[in-house]
There are 2 protein chains.
Amino acid sequence: MGLPSPLPDALVEVIAQRFRVLSEPTRIRLLDALRGGPLTVAELQVEAGASQQNVSKHLAMLLDAGMVSRARDGNRARYSIADDSLFDLCEQVCGGLRRHLAEIDALLQMEGQPTR
Amino acid sequence: MGLPSPLPDALVEVIAQRFRVLSEPTRIRLLDALRGGPLTVAELQVEAGASQQNVSKHLAMLLDAGMVSRARDGNRARYSIADDSLFDLCEQVCGGLRRHLAEIDALLQMEGQPTR
DNA sequence: AACTTCTACAACTGAACAGTTGTGGAGTTG
DNA sequence: CAACTCCACAACTGTTCAGTTGTAGAAGTT
């Protein structure tokens, strides 16, 4: 199922925004930590190595993007992954990285040949 | 093939950086325009609706990330997609968007029930 | 060689955002 | 109720980066 071409402006903006949410190391770490199951803010604070306020802010952003969901548990808030397909995304990115690194390797193999 | 858990710090940074490259509307438009085949900077300038210098800068970023490749063609530079899997990525993002929007729709259906 | 076209580099400016500090509000416990 | 814990909101600060302006270099044309 392909996407329309050219992509409508509004869709371009939304796609970019979506990628932007994932473009922050702290948010990646938070999502990674949630792979093991739901966690509270205090627990995530430890996993991500960031301040409580900072973690809370990033979680709000992830929540707004619909990537995590929040559930009140008495005194605390328990966050969990809302969309497991996120990890397929990350794995694909890693796949792209492997290809990229392989290309660089290949270029380094034929040493002495200037690119330009 | 799963990723290690927790993700090593260096990998987290690289993943975030990768997403960051895709978090800009102009760069999305450039990649989208290249779906139809290689284009010159001048052609991309028209497609993306940005200045030549701006396009050139974004292309340099995409090139550095290994997402496009450059070939000199006489006087001009012809850019093309280096990794077709990029579009699978975008489609997955759009899939996530559909799910997200469906959830919001569902929430709006049961109107009057405050979220908190 | 002089001129034009095409692309890339560098410096500047404004906007967006990550992280901190401070604080308020909701829930629990004694 | 009082004290404490947990989480989120708001204002501030520094950094990062998108876009512009200006210019330099490389290739083609006359």
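Two residues are in contact if their C-beta atoms, placed from the backbone, lie within 7 Å. This is a predicted model, in which local features need pLDDT of at least 70, side-chain atom pairs count only at pLDDT 80 or more, and totals for chains, interfaces and linings use all residues. Residues are numbered from 1 along each chain as its sequence is written, while chains are lettered from A and ligands numbered from 1 in the order in which they are written.

**View 1. Chain B meets chain A.** The contact draws 37 residues from chain B and 37 residues from chain A. On the side of chain B that touches chain A, α1 (9–21), α2 (25–33) and α5 (85–109) of chain B each supply at least two residues. Helices (H or I, at least four residues) and strands (E, at least two) are DSSP runs, numbered from the N terminus. α5(B) gives the largest share of this side, 14 residues. By class, the side holds 17 nonpolar, 8 polar and 12 charged residues. Here Ala, Val, Leu, Ile, Met, Phe, Trp, Tyr, Cys and Pro count as nonpolar, Asp, Glu, Lys and Arg as charged, and the others, Gly among them, as polar.

**View 2. The surface near DNA strand C.** A residue is near a strand if its C-beta atom, placed from the backbone, lies within 6 Å of it. There are 21 residues around DNA strand C, and Gln53(A), Thr40(B), Val41(B), Ala42(B) and Arg76(B) come nearest. Two or more residues each come from α4 (52–64) of chain A and from α3 (41–48), α4 (52–64) and β3 (76–81) of chain B. α4(B) gives the most, with 5 residues. The surface divides into 6 nonpolar, 11 polar and 4 charged residues.

**View 3. The surface near DNA strand D.** Of the 20 residues around DNA strand D, the nearest are Thr40(A), Val41(A), Ala42(A), Arg76(A) and Gly74(B). α4(A) supplies the largest share of this surface, 5 residues. Its classes are 6 nonpolar, 11 polar and 3 charged.

**View 4. Strands of chain A.** Two strands pair if DSSP finds at least two bridges between them. Strand β1 (residues 39–40) of chain A pairs with strand β3 (residues 76–81) of chain A in the antiparallel sense, over 2 bridges. In β3(A), Arg78(A) is the bridge partner of Thr40(A). Strand β2 (residues 68–73) of chain A also runs antiparallel to β3(A), joined by 6 bridges. Arg72(A) stands opposite Ala77(A) in β3(A). β2(A) and β3(A) form a hairpin with 2 residues between them. In the turn, Gly74(A) has a positive phi of about 60°.

View 5. Ser5(A) and Pro6(A) are joined by a cis peptide bond, with omega about 0°. Pro6(A) sits in the segment before α1 (9–21) of chain A. In chain B, the bond from Ser5(B) to Pro6(B) is cis, with omega near 0°.
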